[in-house]
Amino acid sequence: MAVDQSQIFRDGEGDAWFRRNAKALSVDHREDQVLAAIERLHRTGERPQSICELGCANGWRLAAIAERYPEIGRLAGCDVSEAAIADGSHRWPTLDLAVGPIEQPPIQGLFDVVIVSYVLHWVARSHLSRAIAAIDTLVNDGGILIVSDFLPDRPVARRYHHRGDVKLYTYKQDYGATFIALGYYERVDNLIFSHSGVEGEIDPQDRAQCSALRKSFATYEAA
Ligand SMILES: C[S@@+](CC[C@H](N)C(=O)[O-])C[C@H]1O[C@@H](n2cnc3c(N)ncnc32)[C@H](O)[C@@H]1O
């Protein structure tokens with residue numbers, strides 16, 4: 001029987017990732033491509049009142065957003081890692097953080113900006129379309145979806161090297177394109193970069209992309 005990768009992340013692999021990376025999170029926000037994209041959007045006049053991040057770890061990025069843009073009313077996030085959410089809830093009690101999967105986020109309402117950064121590559125393929133639908137449901141009509149993830153030449157599945165006992169994969173593909181294919185998202189900001197930060201020519205397995213996509217039913221219907 002196929003391994004339910006999303007269940008394995010819920011059952012402790014999310015906590016293991018957080019324990020390995022907790023110290024590095026939020027050390028230097030200047031390098032974060034999602035925060036940089038939000039700053040570019042802000043400079044063009046975008047003034048979101050609500051932001052949500054799915055698979056937010058301890059909410060470090062939401063905390064940075066709260067500090068930079070104190071006028072934003074609602075900042076919500078979820079992650080499957082109980083350890084990450086407990087840590088973030090303790091550090092930043094004003095954030096609305098909850099334990100739950102991207103496929104069925106424990107978050108109500110619509111958001112002007114929804115962020116999904118390096119999470120979809122770990123969602124079980126049997127849950128992917130559910131996750132895409134759940135993300136789309138949270139984005140306000142007229143709002144922005146920011147998707148950041150690996151961008152290889154074509155979809156690839158790479159073995160997740162932290163677990164030799166079970167077959168887990170990192171599924172790399174252009175997730176922004178999945179939303180654009182729906183017809184009512186269009187790219188308004190895009191940056192391609194090396195995930196590991198190396199200079200020069202980027203290996204396709206290390207190439208990453210941060211896309212800001214505007215959701216607009218009206219633009220689609222007027223075209
Ligand atoms: C590579 S980390 C990225 C964390 C954060 N988004 C960032 O950009 O720093 C992936 C995160 O996704 C979480 N995760 C894995 N599978 C998930 C799922 N199905 N639903 C929600 N979160 C998930 C992990 O616990 C981990 O916190």
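This is a predicted model: local features need pLDDT of at least 70, side-chain atom pairs count only at pLDDT 80 or more; totals for chains, interfaces and linings use all residues.
Local features rest on pLDDT of at least 70 and side-chain atom pairs on pLDDT 80 or more, while totals for chains, interfaces and linings use all residues. Residues are numbered from 1 along each chain as its sequence is written, and side-chain values use heavy atoms, leaving out hydrogens and water.

**Exercise 1. Find how many helices and strands the protein chain has, and check its radius of gyration against the globule rule.**

Step 1: Count the DSSP runs, numbered from the N terminus: helices are H or I with at least four residues, and strands are E with at least two. The protein chain has 7 helices and 9 strands.

Step 2: The radius of gyration is 17 Å, close to the 17 Å that the rule gives for 223 residues, so the chain is as compact as a globular protein of that length. Here C-alpha atoms are used, and the rule is 2.2 Å times the number of residues to the power 0.38.

**Exercise 2. Name the buried residues of helix 4 and their packing partners.**

Step 1: Buried means under 20% relative accessible area, exposed over 50%, and partly exposed in between (1.4 Å probe, protein chains only). In helix 4 (residues 82–91), Ala83, Ala84, Ile85 and Gly88 are buried.

Step 2: Using contacts (heavy atoms within 4.5 Å), these buried residues pack against helix 1 (5–21), strand 2 (74–79) and strand 3 (96–99).

**Exercise 3. Describe the surroundings of Arg159.**

Step 1: Locate Arg159 in strand 6 (residues 156–159).

Step 2: Its relative accessibility is 41%, so Arg159 counts as partly exposed.

Step 3: Leaving aside residues up to four places away in sequence, Arg159 touches Gly164, Val166, Lys167, Leu168 and Tyr169.
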